[in-house]
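Me: I would like a close look at one part of this structure, with the cut-offs stated. Here is the entry.

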Amino acid sequence: MEFALGGVAAVGAGFFTNPLDVIKTRLQLQGELQARGHYAVHYRGFFHAFYAVAKADGVLALQKGLVPALWYQLFLNGVRLGGYDWADRRGWTKNRAGEVSTPKCIAVAALAGCAGSYIGSPFYLVKTHLQSQAADSVAVGYQHQHAGSASALRKIYQEGGVVGLWRGVMSSLPRICVGSVSQILTFEMCKEYLGKYEVFSERPLLNTFTSSMTGGIAITLFMTPFDVVMTRLYNQGTDAEGRGLLYRGVTDCFIKMWKTEGIRGYFKGFMPNYIRLGPHTVLCFVFWDELRDFQRNLMNRQPINSNAESAKS
């Protein structure tokens with residue numbers, strides 16, 4: 001049940017934040033391995049990107065890749081949040097005094113995040129391909145020309161087999177490891193700290209909202225460089241043998257970006273990334289908390305109802 005709650009919570013959040021993910025992907029691919037001033041700027045910032053995408057591809061293009069994005073959220077956070085909640089319920093994230101243990105939280109969050117990211121990787125691959133796919137006038141990065149999610153999965157499998165479906169997965173592990181640890185750890189510690197104050201203890205939704213926003217800041221700051229690298233590796237084209245046309249791996253991507261784009265390249269799409277991750281973190285954790293409370297209340301009522309039925313009989 002913990003895994004289902006985590007997945008459903010993330011799907012609910014992903015539906016609302018996918019347009020921000022589309023914009024983030026386009027900005028991260030713009031000017032790939034080119035110095036500033038040496039490439040066409042199709043997207044002149046966060047707000048202009050919305051206008052440019054809607055004008056060239058239509059308003060519905062802002063929801064490109066929605067289906068694989070939601071499947072990815074279901075698998076990623078079903079395992080990540082569900083696994084963390086499962087471990088937390090068993091006290092694996094607490095010390096002997098029953099308080100949150102930072103090292104244990106880091107270990108559990110990292111392992112759960114990596115497992116979820118690995119399982120959902122094929123859907124992230126397809127999501128990235130579809131979100132970067134654009135009209136020639138605003139196209140950035142490699143254009144894969146898929147007809148849809150199902151055809152993309154089929155084409156990738158035909159070209160690279162099962163291994164091809166998990167192409168670029170190694171770049172997702174450091175990204176989700178850093179992101180999951182910074183997000184969940186910040187959320188849990190902030191929630192526990194704010195819970196000591198009456199204004200937050202009496203308003204659990206306010207506590208969740210504030211802690212989620214704090215978690216959103218942390219995850220964006222630490223994860224964006226890894227997110228840019230992951231987008232580049234997932235989106236790059238491949239040769240006949242399935243090897244990347246631009247990058248040989250995570251380290252090679254970091255080095256080439258440093259040489260051509262500088263440190264700014266690592267933070268491309270930072271603003272839409274935060275604007276996406278902020279609400280996504282809030283919605284995800286609010287849904288997660290509400291669903292967990294609903295589950296607990298439902299489970300607490302069951303014995304009472306059973307006793308009542310016994311008394312009637």
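How many aromatic pairs does a search of the whole structure find?

Reply: The model is predicted, so local features need pLDDT of at least 70 and side-chain atom pairs count only at pLDDT 80 or more, while totals for chains, interfaces and linings use all residues. Residues are numbered from 1 along each chain as its sequence is written, and side-chain values use heavy atoms, with hydrogens and water left out.

The search of the whole structure gives 15 aromatic pairs. Rings of Phe, Tyr and Trp (its six-membered ring) pair if their centres lie within 6.5 Å; planes under 30 degrees apart count as stacked, over 60 as edge-to-face and the rest as tilted.

In helix 2 (residues 46-57), Phe-46 and Phe-50 lie four residues apart, about one turn of the helix. Helices are DSSP runs (H or I, at least four residues), numbered from the N terminus. Phe-46 is buried at a relative accessible area of 12%, and Phe-50 is partly exposed at 24%; buried means under 20%, exposed over 50%, and partly exposed in between (1.4 Å probe, protein chains only).

A further pair belongs to the part you asked about. The ring centres of Trp-71 and Phe-123 are 5.9 Å apart with planes at 20°, so this pair is stacked. It links distant parts of the chain, with Trp-71 in helix 3 and Phe-123 in helix 4, 52 residues apart. Trp-71 is partly exposed, at 41% relative accessibility.

The loop between helix 3 and helix 4 holds Gly-91, which is partly exposed at 32%.

Helix 4 has a kink of about 60° at Ser-121, shortly before the proline Pro-122. The bend at a residue is the angle between axes fitted to the seven residues ending there and the seven starting there.

Key
Helix = DSSP H or I, 4+ residues; strand = E, 2+ residues; numbered from the N terminus.
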